[in-house]
Amino acid sequence: MSTRIRNIFQDSDKHFDPGNTKNYDLTILLSEDGFSFIVADPALGKYISLGVYEPVENLPPGKTARSEIMLNAFNAFVNNHSFLGKTFASSRLLVETRLSTLIPAALYDPDQIAAYLNYSFHLPEQCHFASDMLPSADAYHVYAIPADWRKLAEISLPKVRFLHAGSCFVESVHMYARTQQLNEAVFVHLRPAWFEMAYLANDKLIFYNTFAYSTQEDFIYHILFALGQLNLSPEMTDIYLAGEVEQDSPLHAIAKKYLRHVHFTIRIENIGYSYIFDSIPQHYYFTLIHAQQCAL
């Protein structure tokens, strides 16, 4: 049965030409909760197209079923938007999965990725193992994704480069801290049912992890617990929120209640943004927007 997809946002600059993809850079983000894409025109020096989509119906709780449903929906979407399957100057597919961990570069062995992940996770039978080198952390981000995701993407998206979305998040917050001249900061990137958290100090990644939540109390508990483990004060530490969380929403409100210095991220201005982005809060779609600007 096909899954209906809701258009959260879709717009393109007047200069966008779907027949000119060979001169554009494409980034797609695929998760169990939806998918999105962004297109940049290097000649104009700005992003010129953005699309964000999610399923209309609630997806089943099982990871295998959710992955299969989203994959089928994504495949149908690419078939109906044929320009995505054309050749781009560069193309990235960011995959979101919590089946991942960081391994220091000095300890990394590419033949041991499955062993690293099996230590912390119960892995599905059919999965593809991969890793991304994170220059800012001097570490490898190792992860597993559904094998069907990899297979279908290679067919539908020619010459696409696979990356873990968390890898781009880590490199993006490092870039953010540098451009905003932050000596120390905690970044929290919210997803619908989980969030990722990174702590940077003196230009180094000190901590990165993901946490599941179902209530606002879960959300703040994990943040406060992590701060405690890092010996960081909720009264003194700058917390930067990114992702699709509205100002004064329950999650934002509880963060402000227990954390003194809560900020929303802004867009890094290494590249321009078309007028289509004017109505979008700057902290939305953080990883998707900054993936093309980070070091990966």
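Tutor: Two strands count as paired if DSSP finds at least two bridges between them. Strands (E, at least two residues) and helices (H or I, at least four) are DSSP runs, numbered from the N terminus. The model is predicted, so to speak of local features takes a pLDDT of at least 70, and side-chain atom pairs count only at pLDDT 80 or more, while totals for chains, interfaces and linings use all residues. Residue numbers start from 1 along each chain as its sequence is written, and side-chain values use heavy atoms, with hydrogens and water left out.

Five strands form it, in the order 12-11-10-13-14. The sheet is open and its pairing is mixed. Strand 12 (204–212) and strand 14 (261–264) are the edges, each pairing on one side only. On average, neighbouring strands are turned by 20° against each other, direction ignored. Angles here run from 0 to 180 degrees between N-to-C directions, with axes fitted to C-alpha atoms, for helices over the stretch in contact.

Strand 13 (residues 238–243) and strand 14 run parallel, joined by four bridges.

Next, the helices. Helix 4 lies across strand 10, strand 11 (194–201), strand 12, strand 13 and strand 14. Its direction is at about 40° to strand 11. Helix 6 (residues 250–258) also packs on the sheet, touching strand 10, strand 13 and strand 14 (contact means heavy atoms within 4.5 Å). Helix 6 makes about 150° with the direction of strand 14.

On a 1 Å grid over the protein atoms alone, a cavity is a set of points where a 1.4 Å probe fits but cannot get out. A pocket is an open set with protein on both sides within 12 Å along at least five of seven lines. Lining residues have an atom within 4 Å of a point. Grid points are joined across faces, edges and corners, and a volume is the space filled by probe spheres set on the points.

The largest cavity has a volume of about 40 Å³. Its lining includes H164, A165, W194, E196, Y208 and T210. Helix 4, strand 11 and strand 12 each give two or more residues to that lining. By class, the lining has three nonpolar, four polar and two charged residues. Ala, Val, Leu, Ile, Met, Phe, Trp, Tyr, Cys and Pro count as nonpolar, Asp, Glu, Lys and Arg as charged, and the others, Gly among them, as polar.

Finish with E54. It forms a salt bridge (a Lys or Arg side-chain nitrogen within 4 Å of an Asp or Glu carboxyl oxygen) with R6, the closest N and O atoms being 2.6 Å apart. E54 lies in strand 4 and R6 in strand 1 (residues 5–12), so the pair ties together parts 48 residues apart in sequence.
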